[in-house]
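Below is a short briefing on helix packing and on a few individual residues. Please keep the sequence and the model open while reading.

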Amino acid sequence: MEYLLYFILIPALLPVVLILRYVYTLDRVEREPLGFVLKVLVYGAIFAIPCAGVERFLGAIIEAAYIPGTVKFAFIENTVGVALVEEFSKWLVFMVLVWKDGNFDYRYDGIVYAVSASLGFAALENILYVLNFGTSVSVGRAIFAIPGHTTFGVFMGFFLSRAKTAFIDDKNSLAKFLKLLALLVPTVIHGLYDFMLSEEVAAAGYQFVFYLYVVLLDVFAWKIIQHEFKTDRHL
């Protein structure tokens, strides 16, 4: 039983650990407390638990409002019914745990904590996928799904750091707008990610666009990470 547990957890969690380690160790100006980072990670997983129920509920509403099997249905389902729910859960973790915490005091910190929340979500999702479909899915998820959630977290953290700067500067309207962008931008790019994997897009013969989209997203996110840690400064 113990070996079976390792057989499941190692392929499910190893990519999460490696990516989090990379993002965390880049924070050289004032490295975040590891315990707090792991707490955000765990809460990312906990907040992911209700998402499946919410997604089923929204899915039923969307199915009643749009014709299943159409491109429009697939886009709304993946953007509103899935991406918005999942990104909101990560955004909420950040708002509840990180926003007012004293450790969130440098610009790069936004990326560290948003990625931690995203990887917590991805970790639970990965474990469930491996349990349901076996370790054969772990390679594909390590290449696409885990980096995908990381990328969504990078965009979220980028805007949340700017929002915190605006908040400190008493620019409350700008801070609220940037916090909204921190939710909406990851939702849109996540929704497009899932939409391009949908059966409707595959049937139309445009699934190849997904691979180009993933490469561009990953490169862009990596550029943001590099820029943020190299220009890191106190908020």
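Q226 is buried, at a relative accessible area of 14% (buried means under 20%, exposed over 50% and partly exposed in between, with a 1.4 Å probe and protein chains only). This is a predicted model, in which local features need pLDDT of at least 70 and side-chain atom pairs count only at pLDDT 80 or more, while totals for chains, interfaces and linings use all residues. Residues are numbered from 1 along each chain as its sequence is written, and side-chain values use heavy atoms, with hydrogens and water left out.

**Q226 and its surroundings**

- Q226 belongs to helix α9; helices here are DSSP runs of H or I with at least four residues, numbered from the N terminus.
- Setting aside residues up to four places away in sequence, Q226 touches Y22 and L26, where contact means heavy atoms within 4.5 Å.
- R28 is 198 residues from Q226 in sequence, and the two are 12 Å apart in space, C-alpha to C-alpha.

**α7 against α9**

- Helix α7 (residues 172–196) and helix α9 (residues 208–230) have axes that come within 9 Å and cross at roughly 150°. Axes are lines fitted to C-alpha atoms, for helices over the stretch in contact, and angles run from 0 to 180 degrees between N-to-C directions.
- That crossing angle makes α7 roughly antiparallel to α9; angles under 35 degrees count as roughly parallel, over 145 as roughly antiparallel, 65 to 115 as roughly perpendicular and the rest as oblique.
- The crossing of α7 and α9 is left-handed, a term used if the near helix is turned anticlockwise from the far one by less than a right angle, with right-handed for clockwise.
- On the α7 side the contact is made by V188, I189, L192, Y193 and M196, and on the α9 side by V209, F210, Y213, V214 and L217.

- Helix α6 (residues 138–168) has 31 residues and reaches 42 Å from its first C-alpha to its last, close to the 45 Å expected at 1.5 Å a residue. The expected span is 1.5 Å times one less than the number of residues in the helix.
- At F144, α6 bends by about 25°, and the proline P147 follows within four residues. The bend is the angle between axes fitted to the seven residues ending at a position and the seven starting there.
- Of the 31 residues in α6, 22 are buried, leaving the helix mostly covered.
- The axes of α6 and α7 are 7 Å apart, and the two helices pack at an angle of about 170°. They are therefore roughly antiparallel to each other.
- Residues of α6 in this contact include F144, H149, F152 and F159, and those of α7 include L178, V185, I189 and Y193.

**The loop residue D170**

- D170 lies in the loop between α6 and α7.
- Although D170 is not a glycine, it has a positive phi of about 60°.
- D170 is exposed, with a relative accessible area of 63%.

- The 28 residues of α4 should span 40 Å at 1.5 Å a residue, and its end C-alpha atoms are 38 Å apart, which agrees.
- A bend of about 35° occurs in α4 at A83.
- The axes of helix α3 (residues 51–65) and α4 come within 10 Å and cross at roughly 155°. That makes α3 roughly antiparallel to α4.
- α3 and α4 form a right-handed crossing. Among the residues making the contact are C51, V54 and L58 of α3 and F73, I76 and S89 of α4.
- S89 is found in α4, which covers residues 71–98. At 5% relative accessibility, S89 counts as buried.
- Apart from its neighbours within four places in sequence, S89 is in contact with F47, C51 and F121.

- Y129 lies in helix α5 (residues 109–133) and is partly exposed, with a relative accessible area of 35%.
- Y129 touches G134, V137 and R141, residues up to four places away in sequence not being counted.
- E199 is found in helix α8 (residues 199–203), and at 68% relative accessibility E199 counts as exposed.
- E199 and V71 are 128 residues apart along the chain, and their C-alpha atoms are separated by 9.2 Å.
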